[in-house]
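Morning, everyone. I have one model to walk through, and I'll take it residue by residue. Please have a look at it first.

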Amino acid sequence: MGAVVLSAEGELLGEGFNTRERDGDPAGHAEITALRAAARTLGTWRLDGCVLAVTLEPCPMCAGAIYQSRIEQVIFGAWDEKAGAAGSVFDVLREPRLNHWVEVHPGVLAHECAEQLRAFFGQFRG
């Protein structure tokens, strides 16, 4: 699983990969590492105007981090019917009671993303 943060002009600001299994880190999701890298690049936690592109629909933890970072748009490929928080199970990114809303573009290259995810997570299953 991977994620990238791009500026409004399309400049790569940060990228991340799922490191949860490798590092034993429950927060080692691709979105979190990409957001951290982008914040380091910009020197601020506010990622106003930026776009996050990720293979799998963000989970509630990642959606919270996306919301907190003020990302403008999220593009994702595969839906996460078990824990998705961008429209499938929850819709944290467009929750009307919050003070920041994220534009969500789901299903981009969905089949290709699903294949990559199956291959990635298959290596951890017996």
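Let me start with a question: is Asp-23 buried, exposed or partly exposed? Keep in mind that this is a predicted model. Asp-23 counts as partly exposed, because its relative accessibility is 45%. Its partner is Arg-22. The two form a salt bridge, with the closest N and O atoms 2.8 Å apart. Arg-22 itself counts as exposed, at 66% relative accessibility.

So much for that pair. How many salt bridges are there in total? The count comes to 4. Arg-46 and Asp-48 make one of them, and here the closest N and O atoms are 3.3 Å apart. Arg-46 is partly exposed, with a relative accessible area of 37%. Asp-48 is partly exposed as well, at 45%. Arg-97 and Glu-95 make another, at 2.6 Å from N to O. Arg-97 has a relative accessible area of 75%, so it is exposed, given that the cut-off for exposed is over 50%.

Now a charged residue without such a partner. Where is Glu-57? Glu-57 sits in the loop between β3, residues 51-56, and α3, residues 60-69. Glu-57 is buried, yet it has no salt bridge. Which side chain of opposite charge is nearest to Glu-57? That is Arg-94, at 6.9 Å. A salt bridge needs nitrogen and carboxyl oxygen within 4 Å. What Glu-57 does have is a polar contact: its side chain joins that of Ser-88 at 2.6 Å. Glu-57 also touches a list of residues beyond four places away in sequence, including Glu-31, Asp-80, Gly-84 and Phe-90. Phe-76 and Trp-79 are on that list too.

Those two bring me to the rings. A ring pair is described by the distance of the centres and the angle of the planes. The count here is 1 aromatic pair. Phe-76 and Trp-79 form it, edge-to-face, with 5.0 Å between centres and 85° between planes. Why edge-to-face rather than tilted? Because 85° is over the 60 degree cut-off. Is Phe-76 buried or exposed? Phe-76 is buried, because its relative accessibility is 1%. Trp-79, at 38%, is partly exposed.

Arg-70 lies over the face of Tyr-67, and the distance from the ring centre is 5.4 Å.

Ala-38 belongs to helix α2, residues 30-42. Ala-38 is buried, because its relative accessibility is 0%. What does Ala-38 touch, leaving out residues up to four places away in sequence? Val-5, Leu-13, Gly-14 and Leu-47.

Glu-15 is in strand β2, residues 12-17. Glu-15 is partly exposed, at 44% relative accessibility. Beyond four places in sequence, Glu-15 touches Ala-3, Val-4, Thr-33, Ala-34 and Ala-37. And its C-alpha lies 18 Å from that of Pro-26, 11 residues apart in sequence.

Methods. Residues numbered from 1 in each chain as written. Predicted model: local features only at pLDDT ≥ 70, side-chain atom pairs only at ≥ 80, totals over all residues. Heavy atoms only, no water. Phe/Tyr/Trp six-rings, centres within 6.5 Å; stacked < 30°, edge-to-face > 60°. Buried < 20%, exposed > 50% of the residue type's maximum accessible area, 1.4 Å probe, protein only. Lys NZ or Arg CZ within 6 Å of the ring centre and 35° of its normal. Helix = DSSP H or I, 4+ residues; strand = E, 2+ residues; numbered from the N terminus. Contact = heavy atoms within 4.5 Å. Lys, Arg positive; Asp, Glu negative; His and termini not counted. Polar contact = N/O pair within 3.5 Å; in protein donor to acceptor, adjacent residues only side chain to side chain.
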